[in-house]
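Please keep the model open alongside the text.

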Amino acid sequence: MSVLRESLDAAFRTAGLRPTAQRYAVLEFLARRPRHATAEEIFHAVNRADPRASRATVYNSLRALAGVGLAREVASEGGAARFEAGLQPHHHFLCDQCGSLEDVPWFELPAGTGAASLGGRAIRGYEIVFRGTCANCEK
Ligand SMILES: [Zn+2]
Ligand SMILES: [Zn+2]
């Protein structure tokens, strides 16, 4: 059994979501792919591997995964929604020039940051979207 397969199995168990073949294929694609994918791209990739996978099944799988946090939608600034595996927490950087969306390694904010502004809300998590010019465009 591959390391990826084991960690995906564990993720499904922890999330309490039944790993159907389609959900598995969607999460595996997201976990393997370094970039953030649109629902259309995910559908085409999963459908190429298994032609029985319909658009509706793939979209439903994506929604089920997102519902338990195994997949998540990332900031996409008006374009089509983009998704990624929610297995590893990280922040994002969005380039104003070329629109590329990059992962930034995770770091914690000091405990209690923003507490006064958040009022009575119960916070489950957070992520930061940095904006500016990426290293490529900056050259
Ligand atoms: Zn750029
Ligand atoms: Zn990301």
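## Overall build

The protein has 6 helices and 6 strands, and the model described here is a predicted one. Read from the N terminus on, these elements follow the order α-α-β-α-α-β-β-β-β-α-β-α.

- The C-alpha atoms of the protein, taken along the principal axes, occupy a box of roughly 45 × 40 × 30 Å.
- Of the 139 residues in the protein, 32% are buried.
- When contacts in the protein between residues at least 6 apart in sequence are considered, 49% of them join residues that are at least 24 apart.

- Cys 95 is buried, at a relative accessible area of 2%, whereas Cys 137, at 31%, is partly exposed.

## The zinc ion written as ligand 2

- The zinc ion (ligand 2) is coordinated at 1.9 to 2.2 Å by the NE2 atoms of His 36, His 90 and His 92, together with Glu 84 (OE) and Asp 103 (OD).
- The spacing of the donors of the zinc ion (ligand 2) along the chain reads H-x47-E-x5-H-x1-H-x10-D, and within this set Glu 84 in strand E3 (residues 82–85) and Asp 103 in strand E5 (residues 101–104) form a pair that links distant parts of the chain, 19 residues apart.
- Glu 84 has a relative accessible area of 5% and is therefore buried, since buried means under 20%, while Asp 103, with a value of 38%, is partly exposed.

## Packing of helices H2 and H3

- Helix H2 (residues 21–32) and helix H3 (residues 39–49) have axes that come within 10 Å of each other and cross at roughly 115 degrees, so that H2 counts as roughly perpendicular to H3.
- The crossing in which H2 passes H3 is right-handed, and the contact is made on the H2 side by Gln 22, Ala 25, Val 26, Phe 29 and Leu 30, and on the H3 side by Glu 41, Ile 42, Ala 45 and Val 46.
- Within H3, the residues Ala 39, Ile 42, Phe 43, Ala 45 and Val 46 are buried, and what covers the buried residues of H3 includes H2, strand E1 (37–38), helix H4 (55–67) and E3.

## A residue in helix H1

- Ser 7 is located in helix H1 (residues 3–15), where its relative accessibility of 36% makes this residue partly exposed.
- Ser 7 and Tyr 126 are 119 residues apart along the chain, and their C-alpha atoms are separated by 23 Å.

Terms used. Residues are numbered from 1 along each chain as its sequence is written. Chains are lettered from A and ligands numbered from 1 in the order in which they are written. This is a predicted model: local features need pLDDT of at least 70, side-chain atom pairs count only at pLDDT 80 or more; totals for chains, interfaces and linings use all residues. Side-chain values use heavy atoms; hydrogens and water are left out. Donors are N, O and S atoms within 2.8 Å of the metal (3.2 Å for Na, K and Ca); water is not among the atoms, so sites may look incomplete. Helices (H or I, at least four residues) and strands (E, at least two) are DSSP runs, numbered from the N terminus. Buried means under 20% relative accessible area, exposed over 50%, partly exposed in between (1.4 Å probe, protein chains only). Axes are lines fitted to C-alpha atoms, for helices over the stretch in contact, and angles run from 0 to 180 degrees between N-to-C directions. Angles under 35 degrees count as roughly parallel, over 145 as roughly antiparallel, 65 to 115 as roughly perpendicular and the rest as oblique. A crossing is left-handed if the near helix is turned anticlockwise from the far one by less than a right angle, and right-handed if clockwise. Contact means heavy atoms within 4.5 Å.
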